[in-house]
Amino acid sequence: MIKELTKDEAILSQPCEAATVEDEAVAQDLLDTIASLEGAACLAANQIGFAKRVVVYLDDNDQPHVMYNPVLKQALGAFKAVEGCLSLEDESKVTRYDRIKVAYDELVDGALVSRKKDFTGWTAQIIQHMIDHCKGKLV
């Protein structure tokens with residue numbers, strides 16, 4: 001179901017709880033919502049009102065991917081960036097990394113399965129943005 005984006009900084013600044021298989025509906029809401037937004041690249045569950053560590057991002061081919069409980073494990077190639085956010089009015093100056101390794105869970109046949117994957121460039125940047133959302137960090 002398409003959800004309205006929250007702009008409430010009190011909600012967005014709270015660290016999210018670990019996601020479980022019961023959060024599959026939240027993941028589907030994220031997928032539906034991002035598909036409805038022009039120009040959106042990523043979305044975290046707290047941006048649609050759920051304080052769970054579930055995120056969705058679009059890859060270079062605009063295909064959506066869901067991550068449960070993403071954690072940044074390694075980061076190389078620091079750079080300064082200015083980012084916008086669907087939930088915040090102002091852009092933010094941030095430090096990001098060009099190459100990252102992320103541990104996360106993926107829902108497979110009704111169970112969360114641990115994964116690790118390397119990301120680079122724009123995809124690495126938007127995943128870092130989503131991980132910050134999960135931590136309650138206003139970027």
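Select Asp29 to begin: this residue is placed in helix H2 (residues 24-36), where helices are DSSP runs of H or I with at least four residues and strands are runs of E with at least two, numbered from the N terminus. The model is predicted, so local features need pLDDT of at least 70 and side-chain atom pairs count only at pLDDT 80 or more, while totals for chains, interfaces and linings use all residues. Residues are numbered from 1 along each chain as its sequence is written, and side-chain values use heavy atoms, with hydrogens and water left out.

Is Asp29 buried or exposed? Asp29 is buried, with a relative accessible area of 10%; buried means under 20%, exposed over 50%, and partly exposed in between (1.4 Å probe, protein chains only). Show next the residues around Asp29. Neighbours within four places in sequence aside, Asp29 is in contact with Met1, Lys3, Ile48 and Phe50, contact being heavy atoms within 4.5 Å.

Now select Asn69, in strand E3. Its phi is positive, near 55°, although the residue is other than glycine. Asn69 is buried at 11% relative accessible area.

Continue to Asp62, in the loop between strand E2 (54-58) and strand E3 (64-85). Asp62 is not a glycine, yet has a positive phi of about 60°. With 56% relative accessibility, Asp62 counts as exposed.

The next stops are salt bridges, each defined as a side-chain nitrogen of Lys or Arg within 4 Å of a carboxyl oxygen of Asp or Glu. Select Glu83 and Arg96, whose side chains meet in such a bridge (2.8 Å, N to O). This pair links distant parts of the chain, with Glu83 in strand E3 and Arg96 in strand E4, 13 residues apart. Both Glu83 and Arg96 are buried.

Move to Asp118 and Lys101, which also form a salt bridge (2.8 Å, N to O). Asp118 lies in strand E5 (residues 111-120) and Lys101 in strand E4, so the pair ties together parts 17 residues apart in sequence. Lys101 is partly exposed, at 27% relative accessible area.

Then select Glu106 and Arg115: the closest N and O atoms of this salt bridge are 2.6 Å apart. Glu106 is partly exposed at 29% relative accessibility, and Arg115 is partly exposed at 33%.

How many salt bridges does a search of the whole structure find? The search finds seven.
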